[in-house]
Amino acid sequence: MLESLGLAGLFIAVMLSGSIVPFSSDAIYVAALLSGKFPVWETMVVAISGNWLGLSFTWAMGRFAKWEWVEKLFKVKHETIERQKVKIDRFGIWLALLAWVPFIGEAMLIALGFYRSKTVPTLLMTLVGVAARFYVWTLVLGA
């Protein structure tokens, strides 16, 4: 169905895969490139922007979570959360470069949001990581 929507379908699919919906934006992007239906640069820009938007939403989910919810829902002690925050703060926004990695990327972004990483640098590093990933796929495929 999304295929019939063209680039809009690509945008929706990679945006959803950038959120917590578990499927591969890489496979979707590669399929879109191999179809040859759209110019390469348009396909890449649409994939980057859609995936980044989905990942930004994932970060925002963590940002708006409350400490009390995490403590209650996951039965985590406040001291444990504080220790984890020190680790997240240590690596900070650099973790956002790996936001595109399946499963762990989403978890890292939720943690970066939850532990209140700086918004603009975190989202910019996420964008850089996503752009690099799709650019590499484009080079690998010779598109």
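Student: What makes the order of elements in this predicted model read as α-α-α-α-α-α-α from the N terminus on?

Tutor: The secondary structure comes to seven helices and zero strands, so with helices being DSSP runs of at least four residues, numbered from the N terminus, the elements of the chain run α-α-α-α-α-α-α. The C-alpha trace of this chain spans about 55 × 30 × 20 Å along its principal axes, and buried residues make up 41% of its 143 residues.

Student: Which share of the contacts with a separation of 6 or more comes from residues 24 or more positions apart?

Tutor: Residues 24 or more positions apart account for 74% of those contacts. The accessible surface of the chain comes to about 8500 Å², and 74% of that area belongs to carbon and sulfur atoms.

Student: Why is helix 6 called mostly covered?

Tutor: Buried means under 20% relative accessible area, and eight of the 11 residues of helix 6 are buried. These are G105, E106, M108, L109, A111, L112, G113 and F114, and they pack against helix 1, helix 3, helix 4, helix 5 and helix 7.

Student: What is in contact with F114, leaving aside its neighbours within four places in sequence?

Tutor: F114 is in contact with G62, R63, A65, K66, W67, V70 and I81. F114 is also listed, with L10, L112, Y115 and F134, among the residues with the most contacts inside the largest nonpolar core, which has 31 residues. Helix 1, helix 2 (25–35), helix 3, helix 4 (67–73), helix 5 (78–91), helix 6 (104–114) and helix 7 each supply at least two residues of this core, and its largest share, seven residues, comes from helix 3.

Student: How do you know that the side chains of R133 and D26 meet in a salt bridge?

Tutor: A salt bridge requires a side-chain nitrogen of Lys or Arg within 4 Å of a carboxyl oxygen of Asp or Glu, and the N to O distance between the side chains of R133 and D26 is 2.7 Å, so the pair meets that criterion. The structure holds one salt bridge. Because R133 lies in helix 7 and D26 in helix 2, the pair ties together parts that are 107 residues apart in sequence.

Student: Are the two partners, R133 and D26, buried or exposed?

Tutor: R133 has a relative accessibility of 8% and counts as buried, while D26 is buried with a relative accessible area of 14%; each value is set against the limit of under 20%.

Student: What makes M125 count as it does, and which residues does M125 touch?

Tutor: M125, found in helix 7 (residues 119–141), has a relative accessibility of 14%, and with buried meaning under 20%, M125 counts as buried. Not counting residues up to four places away in sequence, M125 touches I93, W94, A96 and L97. The C-alpha atoms of M125 and W94 are separated by 7.0 Å, although these residues are 31 residues apart along the chain.

Student: Why can I12 belong to a nonpolar surface patch?

Tutor: Patch residues need over 30% relative accessible area, and I12, at 31% relative accessibility, counts as partly exposed, so I12 passes that cut-off. The place of I12 is in helix 1 (residues 7–18), and together with L5, L16, V21 and F23 this residue makes a nonpolar surface patch of about 360 Å².

Terms used. Residues numbered from 1 in each chain as written. Predicted model: local features only at pLDDT ≥ 70, side-chain atom pairs only at ≥ 80, totals over all residues. Heavy atoms only, no water. Patch = residues over 30% accessible without salt bridge, like charges linked within 9 Å, V, L, I, M, F, W, Y side chains within 5 Å. Areas by Shrake-Rupley, 256 points an atom, 1.4 Å probe, with all protein chains shown as cover. Buried < 20%, exposed > 50% of the residue type's maximum accessible area, 1.4 Å probe, protein only. Contact = heavy atoms within 4.5 Å. Core = buried A, V, L, I, M, F, W, Y, C linked by side-chain atoms within 4.5 Å.
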